[in-house]
Amino acid sequence: MFSHFALLAFDLGENSGYIVAAVVIIIVLASIIPIFRKAKGPSKKTLTEHTLGILRSYTRTGLTVNDQPQIKMTLDGILPDGSTRPITVKQIIDLTSLHALQQGSVFPLAYDPETGNGAIDKEPIREKLQDLLDRYISKRNPNGLSYDERQRIKRHGREHKAMLTDLRLTGQAENGCTEVTATVRIDGKDGSERVLKRTFWILDSELDNLTVGKFVNISVVEEEEPWFSILQPIDKITF
C-alpha cells in the first residue's frame, strides 16, 4: 500500500493565542498499487495528466478476469490549484484486496483531461503528488496552515518521540474537523522534559487515531516561532 504520514502542525509559542492546525501529507510510494491488475482501458497516449484521486465510491461492473473483479471507481482528482474534478477509473483488482478501497482514501491516477477517464498510475512522481495534496488540504481546511507554512514544516522539521499527555475537545466542529487542545511531553536524554500545549483543528479521522497516554511521533521546526507536527499513518485517515 502507499506508506504515508499525516502531520498535524501547530504553533508551539508559549504565549501565543488561538492556533489552528491542518494536515500535511507526506507520501512514500510502496505497495498499494500492486493490488490493481493490468486491464484494458483508456489509451496511455490520452492519459496526459497525473494526480491523486480521492475515492468517493466504487461498484463492481460484473466483469471478471481470472476470477478477479473489475470495479468502477469514482474519484475526486486534485487539480494544481487545490480544487478537484471528477475522474472515473475502471480497473481489475485482486478480490482479497477489496477491503483496501475505503471512501476517502487516495490513489495515484493518470487521466484524460477531456473525458475524465483514467487509470491507476503505476509510475507516479512522489514530489508532484505531495505538492498537490498540500494545496488540496490548504483549501480543504482554510482554518489551518497555509500552503507555504506546510512547506516550511516539511523542509525544516526535526523528528522526536513524545507522549500525548492530554487531549480535550473545545466543542467547536465544522466540515469534518474538530477543534481540540492537546498537550505533549518530550523527554530529553538528560532527564529534562519539554511540555507543549496548544489548541488546533484536526480531521475527525485523525482524532480517532490519537490516544492519551501513548507515544506519538512529532516534527519540530526550531524557528523564532517554533512549530511542531504530529505524524500519523495516512492509511488510517480519510478525506
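Let's start with Arg168. Its relative accessible area is 54%, so Arg168 counts as exposed. Keep in mind that this is a predicted model. Arg168 has a charged partner, Asp166, and their side chains meet in a salt bridge at 2.7 Å, N to O. Asp166 is partly exposed, with a relative accessible area of 21%.

How many salt bridges does the structure hold? Six. Here are two others.

Take Arg185 and Asp187. Their side chains meet in a salt bridge, 2.8 Å from N to O. Arg185 is partly exposed at 22% relative accessible area. Asp187 is also partly exposed, at 38%.

Now to helix H1, residues 126–140, which holds both Asp131 and Arg135. The two sit four residues apart, about one turn of the helix. In an α-helix there are 3.6 residues a turn, so residues three or four places apart point the same way. Asp131 and Arg135 form a salt bridge, with their closest N and O atoms 2.8 Å apart. Asp131 is partly exposed at 24%. Arg135 is partly exposed too, at 29% relative accessibility.

Next, a charged residue without a salt bridge. Asp112 is in the loop between E7 and E8. Is Asp112 buried or exposed? Asp112 is buried, and it has no salt bridge. The nearest side chain of opposite charge is Arg85, 7.0 Å away. A salt bridge needs the nitrogen within 4 Å of the carboxyl oxygen. What does lie by the Asp112 side chain? The backbone nitrogen of Glu114 is 2.8 Å from one of its polar atoms. Leaving aside neighbours within four places in sequence, Asp112 is in contact with Thr46, Leu47 and Asn117.

Now the strands around that loop. E7, residues 106–111, and E8 run antiparallel, joined by three bridges. Leu109 has Ile120 as its bridge partner in E8. The E7 and E8 hairpin has five residues between the strands, and Gly116 takes a positive phi near 80° there. E8, residues 117–120, also pairs with E6, residues 84–93. Those two run parallel, with two bridges. Val89 has Gly118 as its partner in E8.

Last stop, helix H2, residues 147–156. Which of its residues are buried? Arg150, Gln151 and Ile153. They cover an arc of only 160° around the axis, so they are on the same side of H2. The face turned away from that buried side carries Asp148 and Arg155, both exposed.

Technical notes
Residues are numbered from 1 along each chain as its sequence is written. This is a predicted model: local features need pLDDT of at least 70, side-chain atom pairs count only at pLDDT 80 or more; totals for chains, interfaces and linings use all residues. Side-chain values use heavy atoms; hydrogens and water are left out. Two strands pair if DSSP finds at least two bridges between them. Buried means under 20% relative accessible area, exposed over 50%, partly exposed in between (1.4 Å probe, protein chains only). Lys and Arg count as positive and Asp and Glu as negative; His and the chain ends are not counted. A polar contact is a pair of N or O atoms within 3.5 Å; within protein, one must be able to donate a hydrogen and the other to accept it, and residues adjacent in sequence count only if both atoms are side-chain atoms. Contact means heavy atoms within 4.5 Å. The arc is that of the directions from the helix axis to the C-beta atoms.
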